[in-house]
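Hi everyone, thanks for coming. Let me put the structure up, and then we'll walk through a few spots together.

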Amino acid sequence: ELVEADEAHAELLKYNFRATPNCRIHASKAELILDELPENGCVYLDPDRRPGGQRVFDFSASQPDVLQLLPVLLKRYQQIMVKGSPMLDITACLNQLQNVKNVYAICWQTELKELLFEIEPGFNGKTKQHAILLATDGQVSHHYIGDEGDLPQIEAPREGQYLFEPHAGLIKTRLDREFAAKNELSAINSHAAWFVSEVFIADLPGRIWRIS
């Protein structure tokens with residue numbers, strides 16, 4: 001079942017899925033058709049987060065209204081996945097949403113492409129944050145899960161060291177410092193997402209330079 005509010009887009013989807021008879025396309029707003037859709041399983045929301053073109057940092061202006069739909073979805077489905085723009089503030093979104101089990105920051109090469117919020121009815125634990133880097137073929141090349149580890153020591157960069165910038169998913173989730181400490185890297189200060197090492201570590205997920 002696929003719901004698309006824009007009729008022109010719905011017609012394009014019907015054409016694209018014409019060879020998939022078990023996929024039904026509904027040209028309607030999600031709020032209006034929800035009661036007609038099957039219950040249970042997983043629902044995936046890809047809301048318009050910038051109606052009218054304004055810049056937003058949470059789901060308060062999303063269409064469909066994620067915050068309005070969520071209480072109903074929690075009663076009907078076992079898993080709810082909400083796609084978010086990379087511009088969204090993760091903390092602000094977590095304060096708005098309920099029962100968020102996981103947050104995924106998905107990065108392709110050097111660019112953060114999207115955030116994905118996984119919601120599970122009844123979940124009351126601590127939200128896990130994931131930084132995922134995709135290779136050029138779309139496969140996951142690096143997946144880091146935060147575990148509130150140690151922070152790196154502070155060290156002024158020196159000539160001959162290697163300077164490391166983590167990929168954008170690590171920075172967005174604020175897991176860059178924890179990741180650096182696990183890999184025995186030092187931070188150049190307490191705020192910047194730049195780290196140094198005496199040795200070259202080839203498989204670090206990000207960009208590396210030699211300081212000269």
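Strand 3, residues 42–45, runs parallel to strand 4, residues 79–84, with 4 bridges joining them. Strands here are DSSP runs of E with at least two residues, helices are runs of H or I with at least four, and both are numbered from the N terminus; two strands pair if DSSP finds at least two bridges between them. Across that pairing, Y44 sits opposite M81 of strand 4.

Quick housekeeping: this is a predicted model, so to speak, where local features need pLDDT of at least 70 and side-chain atom pairs count only at pLDDT 80 or more, while totals for chains, interfaces and linings use all residues. Residues are numbered from 1 along each chain as its sequence is written, and side-chain values use heavy atoms, leaving out hydrogens and water.

Now over to E155, in the loop between strand 8 (140–145) and strand 9 (162–166). E155 is buried too, at 17% relative accessible area. Leaving aside residues up to four places away in sequence, E155 touches Q161, S186, A187, I188, V196 and E198, where contact means heavy atoms within 4.5 Å.

How values were computed: Buried means under 20% relative accessible area, exposed over 50%, partly exposed in between (1.4 Å probe, protein chains only).
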